[in-house]
Structures are given as structure tokens and as C-alpha cells.
Amino acid sequence: MSEHAAVKECDIRGPWPEEVDATFFEQAGRNFGATVAGGSFAGFHPATVVVGGDGRASTPALRAALQGGLLAEGVDVFDVVGATPTPALYWIRQVLAAQAVAIVTASHSPPHWNGLKVMNGPLPPTPAEVEALDVAPPPRREAGRRHAIGNVVDTYVAARIAPFAAAGLPGLDVVVDPGGGCMAGVASRAFRELGAAVDALHDELDPAFRQRHPDCAVPKHLAELAARVPAVGAAMGVAFDGDGDRLAVIDDRGRYVPAEKVAMLLVEGPLAVRPGDVVVLDIKASMQLERAVARRGGIPVRMKSGHAYMKRAVIERGAVLGSEVSGHLFFGALSGIDDPLHAALALARWQAGGDVPLSARVDALPTFHLSPDLRLRIADAEIDALLDSLPARFPDAEVERIDGVRLVWPDGWLLARHSITEAACTLRFEGADADALATIGKRFVAGYPALAAALDAAMAKS
């Protein structure tokens with residue numbers, strides 16, 4: 001594994017300029033450019049890369065350095081001008097049939113961070129392919145060409161509203177909160193063009209995210225949205241993260257709807273999952289989502305957490321949906337793109353087509369007895385020792401090793417794994433009811449009393 005702290009399993013991400021700077025991005029561009037120039041894929045124009053980025057203050061300089069590295073390796077760069085949502089960049093890459101895409105973004109990370117997401121050919125990168133961005137660059141090739149691409153947002157919005165244009169969203173009141181990120185002025189526009197009455201929060205691009213943290217998966221970050229929805233009598237609220245590839249939903253009573261419940265609503269409503277349909281689930285997802293898919297005859301498949309892992313599984317398995325607990329939603333109908341705007345419009349169309357409040361639909365879903373996503377601040381060696389010892393410590397459990405160790409009992413499960421974004425052990429457990437949840441937690445503490453303090457600290461922080 002790379003010793004560079006910003007190199008993660010699915011992408012590059014870290015504080016700017018301490019861990020990511022122009023020199024690093026020029027090197028990453030050269031390495032990625034050499035990879036793109038060194039191979040081709042059926043259905044894609046060879047040696048072509050779509051380049052875009054979010055609205056962070058550091059993005060223009062990092063984009064320029066990245067493009068310099070790509071062009072030095074002889075690839076043609078389609079430069080998407082301006083801050084652009086990540087799903088729109090994946091979409092325009094499909095439209096252009098470009099071989100690859102490189103996106104400068106730190107997604108939902110803090111404002112002073114930045115990063116890089118890449119994809120070469122039909123599948124997301126493996127950890128080894130991400131790590132290969134951080135090596136000594138190859139010898140220089142001939143110079144490539146840059147092509148400026150404008151007006152992507154206009155055509156992207158048109159493409160996303162097209163499936164819903166016939167019925168539209170007349171009479172639907174919605175509050176949209178892009179948090180000053182890349183969906184600013186984009187999601188609200190899509191809803192308005194479909195006839196919805198839109199109340200928008202933080203709807204102008206804000207490189208510093210001064211009014212709201214870019215991570216929309218944390219309920220406390222959406223307090224203003226949660227208060228606004230019932231205050232204005234809206235049917236629902238939708239929020240997006242910094243680069244516009246995650247969705248959070250607030251119901252008409254101002255309640256945050258967990259990501260798994262958003263996926264359950266999609267499964268039972270807009271997507272109407274049918275027998276034989278594959279739905280890819282985050283390894284950390286509630287068993288209630290798994291059961292909801294199975295009740296409809298669908299095939300639930302659990303997958304390792306991380307947007308690259310999830311997207312790859314959706315594409316390879318021909319799944320109709322992929323749901324990650326962080327708010328990523330991947331759609332088979334969109335060739336695996338994780339597009340929260342598509343998800344938000346689909347849910348809104350479902351609501352506009354009936355007279356059942358979103359809160360009533362949410363209340364009709366099974367109750368979750370699920371711990372938060374707990375992060376134990378312990379050393380890597382301690383995490384490895386924990387993962388090695390879990391199966392023997394709990395011999396009555398079924399053991400799954402998709403990602404870390406997941407122990408499954410008839411009335412619940414426990415998952416322990418290395419975090420892919422920071423030095424910590426991620427722990428989560430679920431019970432069929434409150435008693436089962438408490439029992440699993442107590443059994444873990446009894447088995448690992450030395451971790452009790454770390455678990456208490458993680459619970460207090462969650």
C-alpha cells in the first residue's frame with residue numbers, strides 16, 4: 001500500500017496542501033495518463049479523458065496540474081469547464097464515449113481537503129490501480145490535446161428530468177439543500193423545470209462551505225433543512241454532499257430518513273423491484289433492507305463498503321440498484337452511476353403521484369435496531385488481532401469475510417472492519433429487536449473488555 005496518506009482504497013483524498021498539492025496531482029496525472037494511453041477498451045475512444053472538478057478553492061490549481069500530467073502522456077483531455085457535479089461528469093463521459101474520467105474533488109470531506117476520483121474503461125479502479133497513481137512517473141510521451149467542454153450542466157439536467165417530464169411534479173412542495181456544493185443551482189432547477197414548488201437553501205456555490213458541512217450523511221448537518229421542511233409545509237426535503245453524488249432525505253415531519261430506509265422506499269416504490277432483480281447492499285446495511293429486497297423476490301447481494309466497490313458490483317452483476325449507507329445510490333439504468341438527483345426526482349415523482357405523506361411511508365417500514373457506525377480509535381495491529389480472533393470468540397455465529405469480519409446470528413449481526421478513509425476500526429451491530437441489539441453489544445464488550453473504553457468513546461461521539 002502507498003505510504004502517501006491521501007491514497008485510499010477507492011480514491012485519493014486528504015488535506016490541501018499538506019497531503020495533496022499541485023506536484024502530487026501532476027504526478028498522478030502523468031501516471032493515469034500513461035495507463036490510459038497504454039490500453040484501450042471496446043466502445044470507448046482510446047486515449048481520451050474527461051476532466052472535471054468540484055467548487056473547492058483549491059480545485060482549479062489541482063485540475064491544471066492534473067491536466068498538465070495527462071497531456072504530457074499524449075492523451076486527449078476533454079476539460080469540463082466550471083464546477084460540475086460528479087454524476088454529471090460520469091454522464092458526459094458516457095455521452096462522449098471517453099475512455100476515462102478524472103474528477104478533482106474531496107466529495108463530502110471537510111472544506112480544506114481535496115482529492116481525485118478516476119475511472120478507466122468500464123469499471124471503477126481497484127485499490128492497486130489507485131495506488132499506481134502514486135509512483136515515479138514514466139518517461140514523457142508526445143503532448144496531447146485539450147478540448148474545452150461547456151454547457152454540461154444544462155444537458156445533464158435535461159437528461160435527468162426527461163424520464164419524469166410526462167407527468168412532472170405539479171403541486172409538489174420540496175426543500176432543496178445542496179449545501180453550497182456542486183448541486184447548487186442544479187437540483188433546484190431540475191425540480192422547478194418539472195413543476196415543483198422549490199424552497200432552496202444554500203443554493204449558491206460556496207468553495208468554503210461556510211453555511212453547511214459538505215457531508216450530508218450526518219443528521220446534525222441538516223438541522224436547518226429539517227426545521228425548514230415542516231415550517232413551509234413541504235412534502236419532503238433533499239440534501240446533497242459537496243460534489244453532488246450523495247443524497248439525504250428529510251420527510252414532511254422534519255425527520256432524517258436513514259439511507260437504508262431511502263433505499264427501501266426506492267425498492268418498494270419507484271423501482272418496484274421484481275423477482276430476480278439484483279440489489280447490491282453495503283456490508284454495513286440493515287438486515288431490514290436485505291429482507292425488503294427478498295420479500296419482493298429480489299436478490300440481495302452484500303458488498304464491501306466504498307463507492308468503487310459498490311459501483312463495480314452493480315455493473316458486474318447487472319443490478320438494478322446499489323445502496324451504500326453513506327448515501328450513495330447506484331442505478332443499473334444509468335450504467336451504474338451513483339446519481340442522487342435521479343434518486344431524488346424518482347422519490348418526488350412517487351410522492352407527487354399519491355396522497356400518502358412521506359412520513360407515513362417511512363413509518364410503515366420496519367423499525368431498525370441498529371448501532372451507529374462506530375469508529376474505534378485503536379492501532380492497526382489491534383484491529384488485525386481483533387479481526388483474527390472474532391470467529392473463535394463467537395463460534396455460534398456464521399462468519400462472512402466480504403470486508404473485515406461479519407458475524408451473523410438468527411437475531412442479528414456484528415461487523416468489524418478497517419475503515420477505508422481513516423486509521424480506525426469500524427464497528428456496527430444490529431438486532432432483530434432492542435433486546436437482541438443490547439445483547440450483541442454486551443457480548444462484544446464481554447469478549448473484549450479492553451475495548452470497552454474505546455467503544456464508549458465511539459458511542460459518545462456518534
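Here is a short chat about a sheet, a helix pair and the cavities in this predicted model.

Q: Before we start, what kind of model is this?
A: A predicted one, where local features need pLDDT of at least 70, side-chain atom pairs count only at pLDDT 80 or more, and totals for chains, interfaces and linings use all residues. Residues are numbered from 1 along each chain as its sequence is written, and side-chain values use heavy atoms, with hydrogens and water left out.

Q: OK, in what order do the four strands of the open sheet come?
A: The order is 13-12-14-15, with mixed pairing. Strands here are DSSP runs of E with at least two residues, helices are runs of H or I with at least four, and both are numbered from the N terminus. Two strands pair if DSSP finds at least two bridges between them.

Q: Which ones are the edge strands?
A: Strand 13 (299-303) and strand 15 (329-331), each pairing on one side only.

Q: And how do strand 12 and strand 13 run, parallel or antiparallel?
A: Parallel, with five bridges joining strand 12 (residues 278-282) to strand 13. Val278 sits opposite Ile299 of strand 13.

Q: Which strands does helix 9 lie across?
A: Helix 9 (residues 287-295) lies across strand 12, strand 13 and strand 14 (321-323), at about 150° to strand 13. Contact means heavy atoms within 4.5 Å. Axes are lines fitted to C-alpha atoms, for helices over the stretch in contact, and angles run from 0 to 180 degrees between N-to-C directions.

Q: Switching topic: how do helix 1 and helix 2 cross?
A: The axes of helix 1 (residues 22-37) and helix 2 (residues 59-72) come within 6 Å and cross at roughly 35°.

Q: Which residues meet there?
A: On helix 1 they include Phe25, Ala28, Gly29 and Phe32, and on helix 2 they include Leu62, Ala65, Leu66 and Gly69.

Q: Now cavities. How many are there of 30 Å³ or more?
A: Two. A cavity is a set of points, on a 1 Å grid over the protein atoms alone, where a 1.4 Å probe fits but cannot get out; lining residues have an atom within 4 Å of a point. A volume is the space filled by probe spheres set on the points, which are joined across faces, edges and corners.

Q: What lines the largest cavity?
A: Leu247, Ala259, Val262, Gly327 and Leu329, around a volume of about 40 Å³.

Q: And what about the second largest cavity?
A: That one holds about 30 Å³ of space, and its lining includes Tyr90, Met119, His307 and Lys311. Strand 5 (113-120) and helix 10 (307-317) each supply at least two lining residues.

Terms used. 1 Å grid on protein atoms, 1.4 Å probe; cavity = no way out; pocket = protein on both sides within 12 Å on 5 of 7 lines; lining within 4 Å.
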